[in-house]
Amino acid sequence: MGSGASKNSEDEEDGSNGGGGQLYVSLKMENSKVEGELTPHVYGSEPLVGSWDPSNALPMLRESASMSELSFVVPPDHETLDFKFLLKPKYGDTPCVVEEGENRILTGGSLQGDARVALFKLEGDVIVEFRVFINAVRVSPFDLAASWRAYRENLQPSIVRGIPDVSINPDPTPVESCPSESLELDLEHYEVPAPAPSAQSSLFYAADNAENPRSLSASGSFVNDDTPKAASKSPRVSAVSEDGSPSEKDMEIIVPDHSDSYSPSGVGESKSVGILSPIQQKDGQRGLFVDRGVGSPRLVKSVSASSFLADLKLDAPTKNSMPAAAGAVAAAAVADQMLGPKEDRHLAIVLVGLPARGKTFTAAKLTRYLRWLGHDTKHFNVGKYRRLKHGVNQCADFFRADNQEGVEARTEVAALAMEDMITWMQDGGQVGIFDATNSTRVRRNMLMKMAEGKCKIIFLETLCNDERIIERNIRLKIQQSPDYEEVTDFEAGVKDFRDRLANYERVYEPVEEGSYIKMIDMVSGNGGQIQVNNISGYLPGRIVFFLVNTHLTPRPILLTRHGESMDNVRGRTGGDSVISESGKIYAKKLANFVEKRLKNEKAASIWTSTLQRTILTAGPIVGFPKVQWRALDEINSGVCDGMTYEEIKKNMPEEYESRLKDKLRYRYPRGESYLDVIQRLEPVIIELERQRAPVVVISHQAVLRALYSYFADRPLKEIPQMEMPLHTIIEIQMGVSGVQEKRYKLMD
């Protein structure tokens, strides 16, 4: 008795009895030569099958072309299982073929006897051999219960089946609500600060976010070309005047010498700096450079970068990096890398147009789009270079075509910006947006000569004939541009800018050379046209498609997650569960919010995913069309769908660690990565850009992170960590002044 009690105590301690867990048993048979007409089965005694009747045999599921499996769960102290394998014909009355030899005995998850081979004698005494594999793993009853619960929930029919993908309900109907479900205060009382960094919360000038000159020192001045090479390896700290601005002595600029290969008429030698050698030969003279690019890392000279280059096996002369992308973008980049000319691997979009035509706004918007797709893209604004070199107090006379000194100064900074862009491309950059008027053939010929053999140039000309839009842009320019920040008389600033505009109009020459895209009266979103010439390739085609669908019509876009779901409560990923009681309350609060915020917006629409938690959240909203998007479904977590992160960590530790190392690129087994999500969201972004009325997007955390990163112009690597709380509305205001953001928290 004593020894028996001791043994039971030990069994309970190590979990070998029924209370310590269950055995998950997997039986597998493999044979690559057997035709598909004979399917492996298992038959035997209690409790595995229940009888030795072949008609009741359990079929083994086909795992691959040669492997079949049967899995089941038994207690660790289960009764001995007595069984055999058999081959059962799929068709006809052919008798079953039972394996040769003694019955198989399974005890405690182990097969007795020769467990590795099963022999079958077919007609004509043909012997067929199968390899047999067995694996028994102890699993917790809690894991089994959780798996069974998730399985049962997935079998539950969706309660939103039958709701059409597009439903229009223009007539609002009353919705019952209790005090906790209504918004009694003004919407401003629910506004909360957006986390930093985020989309702009106030007006800003798009050119301020363009690239700084590479020759800009830490103090904000240009590096003097006379600085000895030995001393120029680190940024030179220039003298600064009492008001914080660089002194004239330090405002020297590096300009490439193109006199030996190209000398356009009308462009004189710069009197301020003389003729200098090419900038790319003077790497040591570049000052502080701030990299704002998104996508693959810039290839700096470091140990990690060396290994990165070795892995990519890129051509030495052009250290081109692949876009941080999946799907079509990655496939197109590979094709261009392998088949296209070297200069086509780098693309320069050169803006052309008169002032106040939306060039800088278009450049910033295009930069944001290409970065979001994964292309390493930078915006180079020549006006910013000019202000840093020559200051902001330049009157309209500075821009006269007969002002030789002004022409030289403006050509000088344009050449510097172009050299900076080309040098950046040779260091791995992919798309450069060159933002300036570039209004004469002489200027454009100079840029094409500088880019020859280094990058492909596409001119993007913006033309506007609507005087109301031009007048609006002029006044916005005076309000926002640093050129007029010291002008106290607003109307005097407007007059000066009109004089500057007239100076450009006198010498303006429309683009007729090279590859070009002309946007004619496109900014209003009401008609207009786009003309293209000599445009080919995947990326130029995507750019044209994007530009066709963009406009400046102000409208809000509201982003929100679905109300809390039952899987949120349980901490489970994915699934298609219904919303909880808190989620139902949020759905009614959201309907109340939308009614107040969009009460005057009759053309607004509601977009949801195809999962029922978003459709149920949108249910109480009435009076607006509702559209279900498959592209708005939550990130596909594959085999991890329905699991908690603790379960993934316990049962799939390698997957858990891989996800922690790189959440952006990590793809769930049989699922998706964030880069995959971005690819399927591109049509959503294009349609949001094309819409002229407000849109409410009710979706999921990963999807909204990807959408929000586009509007906020955040680096791709930040997407998986972005804060996207439940029961919160993010309002993105689209318009001529850029993108602004507000957040409303309706409930905790």
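Analyst: Helices (H or I, at least four residues) and strands (E, at least two) are DSSP runs, numbered from the N terminus. This is a predicted model, where local features need pLDDT of at least 70, side-chain atom pairs count only at pLDDT 80 or more, and totals for chains, interfaces and linings use all residues. Residues are numbered from 1 along each chain as its sequence is written, and side-chain values use heavy atoms, with hydrogens and water left out.

User: OK, which elements make a right-handed β-α-β unit?

Analyst: That unit is made by β21, helix α14 (residues 612-618) and β22.

User: And in which sense do β21 and β22 pair?

Analyst: Parallel, over 3 bridges, with β22 covering residues 626-628. Two strands pair if DSSP finds at least two bridges between them. W607 has V627 in β22 as its bridge partner.

User: What about β21 and β23?

Analyst: Those two are parallel as well, over 4 bridges, and β23 is residues 695-699. There, T608 is bridged to I698.

User: Are the residues of β21 buried or exposed?

Analyst: Buried, on both faces: S605 and W607 on one side, I606 and T608 on the other. Buried means under 20% relative accessible area, exposed over 50%, partly exposed in between (1.4 Å probe, protein chains only).

User: Where does K602 lie?

Analyst: K602 is in the loop between α13 (581-597) and β21. K602 counts as exposed because its relative accessibility is 71%.

User: Switching topic: what is the order of the strands in the open sheet with antiparallel pairing?

Analyst: The order of its 5 strands is β4-β5-β1-β11-β10. β4 (61-62) and β10 (117-122) are at the edges with a single partner strand each, so one side of each has no neighbour in the sheet.

User: How many bridges join β4 to β5?

Analyst: 2 bridges, and the strands run antiparallel, with β5 at residues 67-74. R62 has S68 in β5 as its bridge partner.

User: What holds paired strands together in general?

Analyst: Strands of a sheet pair through backbone hydrogen bonds, either parallel or antiparallel.

User: Last one: where is V137 found?

Analyst: V137 sits in strand β11 (residues 126-139). V137 counts as partly exposed because its relative accessibility is 38%.

Conventions
Right-handed = clockwise from strand over helix to strand, strands pointing away.
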